[in-house]
Amino acid sequence: MGVRRVGEKLRYVKVDIITIFPRLVDAGFGEGIVRRAVERGLVDARVWDLREFTDDRHRSVDDVAFGGGPGMVLKPAPIFGAVERIRRERGDPPAIILTSPQGRRFTQPEAERLSRLSHLVFICGRYEGVDERVREHLATEELSIGDYVLTGGELAALVVCDAVIRLLPGAVGDERSVEADSFARGLLDYGQYTRPADFRGLKVPEVLLSGHHGAIRQWRRREAIRRTLERRPELLGSASLDAEEQELLRDLMEERKGANHGDKRD
Ligand code: ADE
């Protein structure tokens, strides 16, 4: 998994989002790190209201499904029209992403891949469906943010944008926090503490107050591995662990085996 280096050259990404809920998408770009990235010119974001690309009096974006069945399907013409306009005004995008539960699962490596592209177009699907011709002849890829069904693809597109934008050089105040993402190495994060050292009798682990940087580093690595082993052991298969971490993992697994035997005897 590629981790970005501190000091990497600043670049900017164009983002176009096609939606029937433009205000919802605007709100997602209006706060925090994402907003700051837009203000700093790292992200050039445009939100396109799908209804602007309809040509009937009712500005209808959907219609009944051929073959019958419940629910409405997003029509192809407005979506193709929006992408054609984007191509004309903003250039030919390397990625046109349809958000839907049928898509490939969005993960941190996917965020890193997308963060290296210069222009991302999102087509926000609706849960009832999107005309298959959009999927087959317009979108270059289809992404899902997880195995659950949202009412629409807007929140999914915002999730993807958020994860991508924070990876852009200059988006996050202290770049080390992105580099230290344990997820970048396929592990969960260790626990973090701040002042006070004693909160209502709940103490911060002694080692973190010790000032011994080596010991702190070791404790954190062990905690990240312990958490991953306990909560998401399947991640360890593809995590990039150095020799010392592999040894920590072996120790922790031994410890657990011991504890399990103990449980059985009790
Ligand atoms: N639209 C509805 N559900 C979704 C999901 N899980 N991921 C991406 N887009 C969606």
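This is a predicted model: local features need pLDDT of at least 70, side-chain atom pairs count only at pLDDT 80 or more; totals for chains, interfaces and linings use all residues.
Trainee: How many helices and strands are in the protein?
Mentor: The protein has 10 helices and 9 strands, taken as DSSP runs (H or I, at least four residues, for helices; E, at least two, for strands) and numbered from the N terminus.
Trainee: Is the protein compact or spread out?
Mentor: It is more spread out than a compact globule, because its radius of gyration (over C-alpha atoms) is 23 Å, well over the 18 Å that the globule rule gives for 266 residues. That rule is 2.2 Å times the number of residues to the power 0.38.
Trainee: Turning to α3, which residues are buried?
Mentor: Pro78, Ile79, Ala82, Val83, Ile86 and Arg90 are buried, meaning under 20% relative accessible area with a 1.4 Å probe, protein chains only; exposed means over 50%, and partly exposed lies in between.
Mentor: They cover an arc of only 130° around the axis, judged by directions from the helix axis to the C-beta atoms, so they lie on the same side of α3.
Trainee: What does the face turned away from the buried side carry?
Mentor: That face of α3 carries the exposed residues Ala77 and Arg88.
Trainee: And what comes just after α3?
Mentor: Gly91 follows, with a positive phi of about 95°.

Note on methods. Residues are numbered from 1 along each chain as its sequence is written. Side-chain values use heavy atoms; hydrogens and water are left out.
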